[in-house]
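Subject: Structure handover

Hello,

Here is the structure for your files. My notes on it follow below.

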Amino acid sequence: MTTELIHLIYCSTATHEMSEAELLALLAVARAQNPLLRLTGMLLYGGGVFLQVLEGPAASVDMLYKKLERDPRHHSLFLLEREPIRERSFPDWSMGFHYVDTNSPAGADFAGAFSLRQPGQGLDKPDIRPGIALEILRQFARSQR
Ligand SMILES: Cc1cc2nc3c(=O)[nH]c(=O)nc-3n(C[C@H](O)[C@H](O)[C@H](O)COP(=O)(O)O)c2cc1C
């Protein structure tokens, strides 16, 4: 039997505005651990909001998501989609990352998708469709290459 490949897309609100050092520390752990679980994906952070896609074997993705739900660096996790996939959208990224300046043209889609009006506002009720979220994650992944 082949292992089921899924992706999981969620967004969350940062507990406090993340410093560059804090983001780098978070990424260092993600990039060290994800290959061991055969996980790939992309993380965006801007305006106090995280948007992340995790892809890999269902058991790995679900295990990490349980950890994420308990991580005090963010709260109000909102699961946008958990679906089987045929292939990975981010095969080359143990965890891609982009800091989104929500006032820049490139950040407009991100800010618009979450109706972010002011920096650091965070999310009460996310209003974003999974397809749009994935497209935004893909756009930022492309801009990094
Ligand atoms: C927004 C956000 C994204 C994260 N992404 C990952 C990730 O992709 N992979 C990972 O291993 N940990 C990630 N973490 C960190 C985990 O929540 C957890 O702290 C880390 O996996 C270490 O767990 P452990 O001490 O049980 O090994 C993320 C944390 C946050 C707040």
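In which strand does Ser 12 lie? Ser 12 lies in strand E1. Helices (H or I, at least four residues) and strands (E, at least two) are DSSP runs, numbered from the N terminus.

Before the rest, the conventions. This is a predicted model, in which local features need pLDDT of at least 70, side-chain atom pairs count only at pLDDT 80 or more, and totals for chains, interfaces and linings use all residues. Residues are numbered from 1 along each chain as its sequence is written, and side-chain values use heavy atoms, with hydrogens and water left out.

Back to Ser 12. With a relative accessible area of 0%, Ser 12 is buried; buried means under 20% relative accessible area, exposed over 50%, and partly exposed in between (1.4 Å probe, protein chains only). The side chain of Ser 12 is joined to that of His 74 by a polar contact of 2.8 Å. A polar contact is a pair of N or O atoms within 3.5 Å; within protein, one must be able to donate a hydrogen and the other to accept it, and residues adjacent in sequence count only if both atoms are side-chain atoms.

Ligand site

The ligand sits in the largest pocket. A pocket is an open set of points on a 1 Å grid over the protein atoms alone, where a 1.4 Å probe fits, with protein on both sides within 12 Å along at least five of seven lines. A molecule sits in a pocket if more than half of its atoms lie within 2 Å of its grid points. Two or more residues of the shell around the ligand come from each of helix H1 (20–33), strand E3 (49–57) and helix H2 (58–70). H1 gives the largest share, four residues.

There are 15 residues around the ligand, and Gln 33, Asn 34, Gln 52, Asp 71 and Arg 73 come nearest; a residue is near a molecule if one of its heavy atoms lies within 4 Å of it. By class, the shell has eight nonpolar, four polar and three charged residues. Here Ala, Val, Leu, Ile, Met, Phe, Trp, Tyr, Cys and Pro count as nonpolar, Asp, Glu, Lys and Arg as charged, and the others, Gly among them, as polar.

- Asn 34: an N or O atom of the side chain is 2.7 Å from a nitrogen atom of the ligand.
- Gln 33: a polar side-chain atom lies 3.1 Å from an oxygen atom of the ligand.
- Lys 67: an N or O atom of the side chain is 3.2 Å from an oxygen atom of the ligand.

On its own the ligand has 620 Å² of accessible area, and the protein covers 79% of this. Accessible areas come from the Shrake-Rupley method with a 1.4 Å probe.

Backbone points

Most residues other than glycine have a negative phi. Arg 38, not a glycine, has a positive phi of about 55 degrees. Arg 38 is in the loop between H1 and strand E2 (40–46), and is partly exposed because its relative accessible area is 48%. Ser 76 also has a positive phi, near 50 degrees. Ser 76 is found in strand E4 (residues 74–84) and is partly exposed at 44%.

Pro 57

Pro 57 lies in strand E3 and counts as buried because its relative accessibility is 8%.

Regards

Terms used. 1 Å grid on protein atoms, 1.4 Å probe; cavity = no way out; pocket = protein on both sides within 12 Å on 5 of 7 lines; lining within 4 Å.
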